[in-house]
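Work through the exercises below with the model open. Try each task before you read its solution.

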Amino acid sequence: MTTQGDDMKMGKQRLAVAAAVALVSAVAVVVPAGAAQAGGSCSSLSGCSRVENVDNLPITARRNWTCSSGSTGTASTSCVSGGTLTIYQNGKTPSNEDWDVVQVDGGWCYKIRFINWYGKDWTVRYDRRGLGNTYVKVENGSRAIVQDQSLSSCP
């Protein structure tokens with residue numbers, strides 16, 4: 001049996017937990033995502049770059065965007081370094097790791113949807129038919145979702 005004092009103590013604990021959750025949520029929204037961060041791991045506060053694949057063909061994520069310029073969706077044939085990760089249908093990069101680049105393979109056209117940490121949502125087609133690879137930047141706190149890819153047309 002609980003007493004009125006126990007009920008008040010539990011109520012205060014619940015209030016403290018709710019306040020802590022609200023504070024962490026507010027900080028996560030206020031912290032700017034900034035440029036893509038080269039390397040290793042990241043947290044929900046620093047904002048990880050994420051690459052996802054909803055197409056039925058595999059894609060490649062690359063670890064680091066090496067140029068100091070550009071924003072999410074910027075393409076370059078040379079601003080990339082670090083490891084690679086093959087992402088199969090309905091897969092994505094690990095949530096606690098920072099993957100800054102989508103590789104658009106030469107000879108292909110990719111349709112990529114981007115969602116930034118502040119809610120901007122847009123789609124870009126990268127037509128590399130007859131050309132070599134290009135690399136597309138994904139800033140911290142942003143997602144790149146490969147929706148389609150084709151050799152014969154630009155989806």
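**Exercise 1.** Is Cys109 buried or exposed?

*Solution.* The model is predicted. Take the cut-off: buried means under 20% relative accessible area. Cys109 has a relative accessible area of 0%, so Cys109 is buried.

**Exercise 2.** Find the partner of Cys109 and describe the link.

*Solution.* Step one: a disulfide joins Cys109 to Cys154, with S to S at 1.8 Å. Step two: the torsion about the S-S bond is about 40°, so this disulfide is right-handed. Cys109 sits in strand 7, and Cys154 in the segment after strand 10. Step four: Cys154 is partly exposed, at 30% relative accessibility.

**Exercise 3.** How many disulfides does the structure hold, and what does the link of Cys67 join?

*Solution.* There are two disulfides. Cys67 is bonded to Cys79, S to S 1.7 Å. The link is left-handed, with -75° about the S-S bond. Cys67 lies in the loop between strand 2 and strand 3, Cys79 in the loop between strand 3 and strand 4; the pair therefore ties together parts 12 residues apart in sequence. Cys67 is partly exposed at 27%, while Cys79 is buried at 5%.

**Exercise 4.** Which residues touch the most other members of the largest nonpolar core?

*Solution.* The core has 16 residues; Val51, Val102, Ile112 and Phe114 touch the most other members. Strand 7 gives the largest share, three residues. Now take Val102: its contacts beyond four places in sequence include Val51, Ile112 and Val146. Another core, of five residues, lies apart; Cys79 is among them.

Notes: Residues are numbered from 1 along each chain as its sequence is written. This is a predicted model: local features need pLDDT of at least 70, side-chain atom pairs count only at pLDDT 80 or more; totals for chains, interfaces and linings use all residues. Side-chain values use heavy atoms; hydrogens and water are left out. A nonpolar core is a set of buried Ala, Val, Leu, Ile, Met, Phe, Trp, Tyr and Cys residues joined through side-chain atoms within 4.5 Å. Buried means under 20% relative accessible area, exposed over 50%, partly exposed in between (1.4 Å probe, protein chains only). Helices (H or I, at least four residues) and strands (E, at least two) are DSSP runs, numbered from the N terminus. Contact means heavy atoms within 4.5 Å. A disulfide is a pair of cysteine sulfur atoms within 2.5 Å.
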